[in-house]
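Dear colleague,

Please find below the sequence and structure we discussed. My notes on the model follow directly after it.

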There are 2 protein chains.
Amino acid sequence: MEKLKRNERIAAIMKILGDQPNKIFTLNYFTERFFAAKSTISEDIMVVKQSMEKMRLGKIQTISGAAGGVKYIPFVTEEQNKEILENICCYLSQGERILPGGFLYMADVIYSPQKIHQLGEVFTSQFDYREVDYIITVETKGIPLALMVAKAMNLPLVILRRDSKVTEGSTVSINYVSGSTGKIQKMSLSRRAIKPNSKVIIIDDFMKAGGTAKGMVDMMKEFDTQVEAIGVLIGTKEPQEKLVKDYIPLLILEEVKEKEGFINIYPNPELV
Amino acid sequence: MEKLKRNERIAAIMKILGDQPNKIFTLNYFTERFFAAKSTISEDIMVVKQSMEKMRLGKIQTISGAAGGVKYIPFVTEEQNKEILENICCYLSQGERILPGGFLYMADVIYSPQKIHQLGEVFTSQFDYREVDYIITVETKGIPLALMVAKAMNLPLVILRRDSKVTEGSTVSINYVSGSTGKIQKMSLSRRAIKPNSKVIIIDDFMKAGGTAKGMVDMMKEFDTQVEAIGVLIGTKEPQEKLVKDYIPLLILEEVKEKEGFINIYPNPELV
């Protein structure tokens, strides 16, 4: 392989770090990959670090010691939050999204890779995930968002199923009550999915009464696992008292007027 | 904002391009963001391009003309395919994955953000997606992989549901026959999800007889939509005759010996 110039090495280091957020790369990894001295690579990394800071594109952290190295940490400032979240609200408040019963059609937004990539980084900037082991969600609509959060935090994703499947092996199933409809529902999870005594963050697309989130919290108890935080893309303003405490909504849905085609949704004021 | 040095600008340009593969950024976008002249930005982009080529980290394409600009295209060489796919096979052939009935537990692999990010780029390198409008999958296990493919190709993801939901609005539902069990199943899709006369690529995690893929193909006919390609992570060797033609499996599962705890899975020889 051809030896790279400093400029080119910097671009390649940025690409490698940016592709795998929160993964630690050793200096040796780079010295071997670029046939360059440690001191050279260290200087390159300083340039990348400066660049990310000046442009507010995230953080570069160097870790010293035997297990040391360097990693890229996504970070979104309050100002950037505001821009990202207002942009999403702009999409979600289009009147034609209103469905019979006052539901909102959101699939095009919550399945858009670019939009949820940004939302994943917003979540990443809200939580202390340094000791977290897994990102948890339940099928179906929250999966893309939860995956993007998991990618940004470099954590495995665990998906709770509505039914137990032959491809899950032995499972734990629980019943839970949907807070808004009062209907009894089921969720299940493979026994292998989570190591006991883990710490998790729960991510979902929508929370009204919080019944589904409460179900996920209950499921985590079955795995002797601690829920460190709960994040949802949209939380409804009413009911204000949810079945779970301490959750972070990125957006707050205050009102949907079906007849008038009016949707009042805005960024969580605590984040912007 | 502080003005950046050339090295720092190169790192930032790489980060911005790499974060949104296949999205075209105009030169003006960069000149405004960096307070730099067009000629300066063009030189920076040349460095990034050289770096990606020399390190085989993908391609940088510059598009001239009024709608012109620059974009990053993920690209994985055959040699890199081999490494990525062999690594996945190594995980998937662990005997303890075998479940009753000869099924494989794969959730930890197919929900791993880092692993499927790489697999998404492998798919991206196999398909001509320049005229494709959507990536299609069906819930649940294929969603993370399909999302990563959609992100790499900069295309919206569409998820077919097993049941129609109130949050989907008016839907089209079809019945299809699972090729391996002969059971009749249902899938549904919101009428708003796909514009007529679109082109799509179907992505799923697993194909045995191809009944589910056939169901997705039939659903696309209901939307006057053309299926350009079908990609699955794992295709079983038997039955060799699937219900759909022209599908690309990344891995081939030849045999699972439940008693012996033996799994024979290998990269599709046509890709490595």
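**How the two chains meet**

In this predicted model, Ala11(A) is the residue of chain A that comes closest to the rotation axis, with its C-alpha at 2.6 Å. Chain A can be superposed on chain B by a turn of 180° and a shift of 0.0 Å along that axis, with an RMSD of 0.0 Å. The two copies are therefore related as by a two-fold rotation axis. Of the interface residues of chain A, 100% are also interface residues in chain B, so the copies meet through the same surface.

**The annotated domain**

An unreviewed UniProt entry carries the annotation "domain: Bacterial purine repressor N-terminal" for residues 5-74 of chain A. Over residues 5-74, chain A is 57% helix and 14% strand, and the end C-alpha atoms lie 27 Å apart.

**A sheet in chain B**

Chain B contains an open sheet of six strands in the order E6-E5-E9-E10-E11-E12, with mixed pairing. Strands E6 (157-160) and E12 (262-267) of chain B stand at the edges with a single partner strand each, so one side of each has no neighbour in the sheet. On average, neighbouring strands of this sheet are turned by 25° against each other, direction ignored.

With kind regards

Methods:
Residues are numbered from 1 along each chain as its sequence is written. Chains are lettered from A and ligands numbered from 1 in the order in which they are written. This is a predicted model: local features need pLDDT of at least 70, side-chain atom pairs count only at pLDDT 80 or more; totals for chains, interfaces and linings use all residues. Side-chain values use heavy atoms; hydrogens and water are left out. UniProt positions are given in the numbering used here, feature names are shortened, and annotations may be inferred rather than shown by experiment. Helices (H or I, at least four residues) and strands (E, at least two) are DSSP runs, numbered from the N terminus. Copies are superposed by least squares on the C-alpha atoms of residues with pLDDT of at least 70 in both. Contact means heavy atoms within 4.5 Å. Two strands pair if DSSP finds at least two bridges between them. Axes are lines fitted to C-alpha atoms, for helices over the stretch in contact, and angles run from 0 to 180 degrees between N-to-C directions.
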